[in-house]
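Welcome! Let us take a walk through this structure together, one step at a time.

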Amino acid sequence: MEHAVTHHAHDHHDHHEEHEQLKVLGFWIFLVTDCILFATLFATYVVLRTHTDGGPIGKEIFEVPGFVAETFILLTSSFTSGLATLAMHKGNVKGLIGWLIVTAALGLGFIGLEISEFANMVQEGATISRSAFLSAFFTLVGTHGLHVSVGLLWMIGLMVQLGRYGITTVTKRKITTISLYWHFLDVVWIFLFTVVYLMGVM
Amino acid sequence: MSQHEAHGSVKAYVIGFLLSIVLTIIPLLLVLNHMLSKGWLVFAIMLMAVLQFIIQLVFFMHIREGEGPKYNVMALILGIVIVFTIVAGSMWIMSFNG
């Protein structure tokens, strides 16, 4: 009888963990659909990039030091979010929250640079309504920036939850998903860096 | 927590990070120094973007880990097929416009 009870408890624990793993799989599927969203925006950009209507072209408005800094900041934050999950698997709450703070600070720096980049463009007359190229550019890069901003708010919420509940099966799963999300945003940025910025200044 | 579940190591993350830095700097130098003809340049930087994508999948997102059927990999492959179809299809069909 006792054996049956412990067996049952064990089963219950497994079910709980299995359920959390299923949620991580669900999040992977969300990321794939988000890829498709970005694919439509990339396709639009690639088709419209030459339609500048006499307005500024990429070469004139993209600042190399700016987008290179954005690239390395986001890449580093992807790395530090990985270090956060490593700390989590070691049961190190302080390390986990510390690396999340570093990641969020880098994310904030990225968003700050992007906002100043956009503001400079608008000041030079390169607004979203100037040409089809700029409409596609601001929509594509802006959608990525919006994703990073949402990720920042989510990350702050998770830090509060970690402070309150510590590392549990549930908070573990939440950190796993936000870390996947953050790596995904860096992956999208690799293609923005290549297709928009590098090909733009070519 | 089952011990056969791996979550990467500091080493794996550092390797992924260093490879990503290299794969960012090479295309940057190629473009800024006009080192190749346009067609080859586009090919080279796209290739390095795809390589960096794979490196992040392996070293950061641990795509090779986990037990049981890899439904996440299957979803990802389907996603890549759709992404490729949308982007390449749009470029192809719109090439008849000019």
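Which helix gives the largest share of the lining of the second largest pocket? Keep in mind as we look that this is a predicted model. The answer is helix 3 of chain B, which contributes eight residues to that lining.

Now let us look around the pocket itself. The second largest pocket has a volume of about 850 Å³, and 26 residues line it. Nearest its centre you will find F191(A) and V195(A) from one chain, joined by M46(B), V83(B) and V87(B) from the other. Two or more lining residues come from each of these elements: helix 1 (2–48) and helix 6 (169–201) in chain A, and helix 2 (38–60) and helix 3 (71–94) in chain B. Sorted by class, the lining holds 23 nonpolar residues, two charged ones and one polar one.

From here, step back to the meeting of the two chains. Chain A brings 44 residues to the contact, and chain B brings 43. Together the chains bury an area of about 3800 Å², and carbon and sulfur atoms give 86% of it. On the chain A side, W28(A), F79(A) and M202(A) supply 17% of the area that this chain buries against chain B, more than any other three residues. As for salt bridges between chain A and chain B, the count is zero.

Technical notes
Residues are numbered from 1 along each chain as its sequence is written. Chains are lettered from A and ligands numbered from 1 in the order in which they are written. This is a predicted model: local features need pLDDT of at least 70, side-chain atom pairs count only at pLDDT 80 or more; totals for chains, interfaces and linings use all residues. Side-chain values use heavy atoms; hydrogens and water are left out. On a 1 Å grid over the protein atoms alone, a cavity is a set of points where a 1.4 Å probe fits but cannot get out, and a pocket is an open set with protein on both sides within 12 Å along at least five of seven lines; lining residues have an atom within 4 Å of a point. Grid points are joined across faces, edges and corners, and a volume is the space filled by probe spheres set on the points. Helices (H or I, at least four residues) and strands (E, at least two) are DSSP runs, numbered from the N terminus. Ala, Val, Leu, Ile, Met, Phe, Trp, Tyr, Cys and Pro count as nonpolar, Asp, Glu, Lys and Arg as charged, and the others, Gly among them, as polar. Contact means heavy atoms within 4.5 Å. Buried area is the accessible area (1.4 Å probe) that two parts lose on being put together, summed over both. A salt bridge is a side-chain nitrogen of Lys or Arg within 4 Å of a carboxyl oxygen of Asp or Glu.
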